[in-house]
Amino acid sequence: MERLARTTGIATLMAICGGVAHAQEPAAPQVSAALTQQAPKDGTTVALTLKRAIELALRNSKEIQVAKIQASVADRAAQITKAQFMPNLYAGSGAGFTYGIPETPGGRAPSIFNVSYTEQVFNEPLRGQAKETQEQAKAQKISLEETKNSVVTRTAMAYLELGKVRHSLDLLRKEQESAEKILQVTQERQSEGYELPVEVTKAQLTKAQVIQRILQLEGREDELEVFLRYQLGFSDAQAIDVTPEELPGEAEQAGDNLVAMAMTRNAGLLLAESDVRAKEFRLKGERRGYFPTLELVSIYSVLGKFNNYSQFFRSFQRNNFNAGIDVHVPIFSAQTKAAIGLAKINLEAAKVNLTNKKSELSADVRQKTRRVRERDAAKEVARLELQLAQQNVAVFQSQFAEGKLNLREVERARLEENEKWMAYLDANFQKQQAQLELLKTAGQLDKVWQ
């Protein structure tokens with residue numbers, strides 16, 4: 001990465017440092033159309049935009065794949081209860097040896113072959129359970145969207161931090177060169193008797209601190225690259241090149257607007273609302289447990305004479321068919337009363353949780369909106385400090401050219417400029433983090449890559 005030349009004039013510095021943050025940062029290679037359409041090969045370097053990185057993460061994330069499976073499982077579970085209200089046809093055999101009156105543990109007569117049909121027509125507790133599981137299946141789809149939002153947030157943060165770390169490393173390596181020049185000049189002056197040994201030690205300490213920070217950032221760079229390669233589905237040998245980008249301005253909207261958006265799109269709140277609906281379905285069904293239940297039933301069976309039917313019944317008929325309804329009228333049901341009580345408590349808990357979620361969400365959005373503004377103000381302060389440091393370097397270089405300053409003073413000014421550069425990069429990244437957190441809370445993360 002290339003950064004601002006230290007010898008630029010004051011007017012140029014003002015133009016570059018003012019306004020848009022990403023105009024100050026080094027340019028990175030653009031993504032070609034062919035590259036975004038084809039899978040990267042091992043050992044190559046892929047230049048990614050933030051939008052492309054998010055698209056790859058949504059396509060290849062293992063977390064999203066697991067969440068999709070869980071959503072499918074919830075759908076299948078909902079179909080199990082619902083299936084009892086559909087026609088169910090079974091075939092089988094109840095053949096067996098009998099001694100005495102022919103009967104089986106299920107109450108049916110022993111048969112060589114039988115076909116039975118069942119279909120629930122009116123069973124309100126069971127219908128309530130079916131609607132509850134269907135609502136839970138919908139909630140699982142909301143959880144899937146929440147997982148996608150988490151993947152988008154982490155991928156975007158890792159992408160933006162990797163750009164910041166690499167830019168900081170470039171600055172630190174230049175800072176290392178300045179520290180080495182300062183140390184060299186100080187050692188020469190100390191050998192000539194113009195400097196105390198303590199000044200040499202200070203210069204050595206400065207150089208050692210720069211090297212330490214370089215090693216720390218190189219470790220962080222490696223961690224971010226490993227995370228992004230895993231998240232994007234790249235191989236271990238794949239190199240990633242990122243471009244400095246700014247997030248959209250939607251995160252800086254008025255707090256009231258974002259609160260209203262969050263109330264309709266926040267995944268946590270949608271899950272709480274879905275839970276309330278599910279518990280309402282369950283309570284409604286349990287309350288109707290005092291109603292009669294009605295089920296369509298029929299059975300066809302083929303009987304055998306070897307089960308001694310002729311000894312206990314006046315006549316024997318091999319083929320038998322029965323069809324009708326099975327009605328149960330509850331007169332006293334302690335289980336129904338207990339089920340209603342449990343459903344009430346669960347619904348009350350779900351409603352309290354929903355109320356708390358709404359209050360917490362409103363406060364959270366307003367807090368994160370303030371945080372974005374605070375980070376923006378801190379970024380502006382860092383930008384002005386950087387601009388001042390750059391202007392000082394220009395002045396020092398002019399004085400050095402006139403012989404009024406020595407090389408060590410110029411290099412110290414350059415060290416100060418590098419420090420302000422990295423402080424600006426940190427402030428910019430912290431603002432981007434705050435923006436991402438606010439967009440996620442408000443349910444507006446799709447603005448990041450549109």
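View 1. Leaving aside residues up to four places away in sequence, Thr 186 touches Glu 195, Glu 199, Val 200, Ala 203 and Arg 408, a contact being heavy atoms within 4.5 Å. Thr 186 belongs to helix 5 (residues 124-191); helices (H or I, at least four residues) and strands (E, at least two) are DSSP runs, numbered from the N terminus. The relative accessible area of Thr 186 is 1%, so the residue is buried (under 20%; exposed is over 50% and partly exposed in between, with a 1.4 Å probe and protein chains only). Residues are numbered from 1 along each chain as its sequence is written. Because the model is predicted, local features need pLDDT of at least 70 and side-chain atom pairs count only at pLDDT 80 or more, while totals for chains, interfaces and linings use all residues, and side-chain values use heavy atoms, without hydrogens and water.

View 2. Strand 2 (residues 88-92) and strand 3 (residues 113-122) run antiparallel and are joined by five bridges; Ala 91 is opposite Val 115 of strand 3. Nine bridges link strand 3 to strand 5 (residues 293-302), also antiparallel, with Asn 114 opposite Ser 301 of strand 5. Between strand 5 and strand 6, which run antiparallel, there are 10 bridges. Ile 299 has Asn 322 in strand 6 as its bridge partner.

**View 3. The largest pocket.** This pocket holds about 280 Å³ of space. On a 1 Å grid over the protein atoms alone, a pocket is an open set of points where a 1.4 Å probe fits, with protein on both sides within 12 Å along at least five of seven lines, and lining residues have an atom within 4 Å of a point. The volume is the space filled by probe spheres set on the points. Of the 18 lining residues, Ala 109, Ser 301, Leu 303, Asn 320 and Asn 322 lie nearest the centre of the pocket. Strand 5 and strand 6 (319-328) are the elements that give two or more residues to the lining. The lining comprises six nonpolar, 11 polar and one charged residue (Asp, Glu, Lys and Arg count as charged; Ala, Val, Leu, Ile, Met, Phe, Trp, Tyr, Cys and Pro as nonpolar; the others, Gly among them, as polar).

Key. Two strands pair if DSSP finds at least two bridges between them.
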